[in-house]
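Let's walk through this structure together, from helix packing to cores and charged pairs. Have the coordinates open as you read.

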Amino acid sequence: MTFAVEVKDLKKSYKKRKTKEKIEAVKGISFQVKKGEVVGLLGPNGAGKTTLIKMMCGLLIPDSGSCFVNGYDMKNQRLKALEHISVVLEGNRNLYWRLTVRENLEYFAGNRGFSRNEVSNKINELLERLNLKEKENEMVNTLSRGMQQKTSIAVALLSNTDVIYLDEPTLGLDIETSYEIRKLLKSIAVQEEKTIIISTHDMPVVQEVCDRVIIVNHGQIVADDRVHNLLQLFESKAYSFTLNGHLSSESINYLSRRYVVNIRNENNGKTILDVNILKGEDLYEIIDLLKANQVLIEKIDRTTVDFEEVFMKIVKGGERFEMVESL
């Protein structure tokens, strides 16, 4: 099988300027993305995610390993590989701010070898689809951040590449525009049948748009699975305790260090403790802690989780989760 994107044992290290200390940003990452798949690439700040994306786009040369796009090696067949990808960078760095929306679309289409006449109808279609028609003759630097982001996505779609990389597509957007972008990405995934890799900290994007998620931490993959599978896994280990009394500050600090918790003190003197556990035996540790604090447990319920909780637990837990479904 030829994958849309295939990453094989990518490694990249840097040296600090002052101390010359070697920092391993990416420590041998490997994964495959099937054609038409929508994958979220996640990780906390400093996890190595940005370095990984730059190598996948051909902006950085890895120390070792390979990246293939539709079978083309990004290192040895770079131009061929680049023909198959479009990139939407965070901060709208892939737009010319002193050109209008339409001029940006025409310019970048020209860079791909398309004439103005060839893309005229497609541009009109995209302007309508992304609600940019009224802004087509306005300079990009006068637009809102949301309009600029939609223009960037229009540029990527106009190129009609098989693979699209999106770097923080909803960063800094208001709730309404963020929802609009999520809706747009879902329609692209379904109607355009594109392979999309989304780097984001916006968990609703992951939960609503992505089929699968790859989580990177400390330069390594710590989770690679379907969004549904991870939600299902952690839903079975999410509990809500109704307590008669309040927890001490020492107990709260201890629980917060070990687990993803949410603690609410009620007006009636009760406390609601929501906690996600990684191992079954953790439940007994929590019960023992409450018993030692002489806090009466009135009720224990299973609770549902969202993907933000899943992400935090995986990163905090330090364990590795593999794909349940084979590629």
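**Helices, cores and charged pairs**

Helix H5 (residues 145-158) and helix H6 (residues 175-192) pack with their axes 10 Å apart, at an angle of about 10°. Axes here are lines fitted to C-alpha atoms, for helices over the stretch in contact, and angles run from 0 to 180 degrees between N-to-C directions. H5 is therefore roughly parallel to H6; angles under 35 degrees count as roughly parallel, over 145 as roughly antiparallel, 65 to 115 as roughly perpendicular and the rest as oblique. Helices (H or I, at least four residues) and strands (E, at least two) are DSSP runs, numbered from the N terminus.

Which residues of H5 and H6 make the contact? From H5 come Gly146, Lys150, Ile153 and Leu157, and from H6 come Thr177, Glu180, Ile181, Leu184, Leu185 and Ile188, with contact meaning heavy atoms within 4.5 Å. Sorted by class, this contact of H5 with H6 has six nonpolar, two polar and two charged residues. For these classes, Ala, Val, Leu, Ile, Met, Phe, Trp, Tyr, Cys and Pro count as nonpolar, Asp, Glu, Lys and Arg as charged, and the others, Gly among them, as polar.

A word on the source: this is a predicted model, in which local features need pLDDT of at least 70 and side-chain atom pairs count only at pLDDT 80 or more, while totals for chains, interfaces and linings use all residues. Residues are numbered from 1 along each chain as its sequence is written, and side-chain values use heavy atoms, with hydrogens and water left out.

Lys150 and Glu180 also form a salt bridge, their closest N and O atoms being 2.9 Å apart. A salt bridge is a side-chain nitrogen of Lys or Arg within 4 Å of a carboxyl oxygen of Asp or Glu. This pair links distant parts of the chain, as Glu180 in H6 and Lys150 in H5 are 30 residues apart. Lys150 has a relative accessible area of 4%, so Lys150 is buried, whereas Glu180, at 27%, counts as partly exposed. Buried means under 20% relative accessible area, exposed over 50% and partly exposed in between (1.4 Å probe, protein chains only).

Glu208 sits in helix H7 (residues 203-209), 26 residues from Arg182 in H6. Arg182 is buried at 12% relative accessible area, while Glu208 is partly exposed at 34%. A search of the whole structure finds 16 salt bridges, and Glu37, Arg212, Asp224 and Arg226 are linked in a network of them.

Now for the nonpolar side. The largest nonpolar core has 49 residues, of which Ile153, Ile198 and Phe307 touch the most other members. H5 gives the most to this core, with seven residues. Such a core is a set of buried Ala, Val, Leu, Ile, Met, Phe, Trp, Tyr and Cys residues joined through side-chain atoms within 4.5 Å. Another core, of 27 residues, lies apart from it, and includes Leu10, Phe31, Ile53 and Met55.

Finally, look at helix H9 (residues 249-258) and helix H10 (residues 282-292), whose axes come within 12 Å and cross at roughly 170°. H9 and H10 are therefore roughly antiparallel to each other. Ser251, Tyr254, Leu255 and Arg258 of H9 meet Asp282, Glu285, Ile286 and Leu289 of H10.
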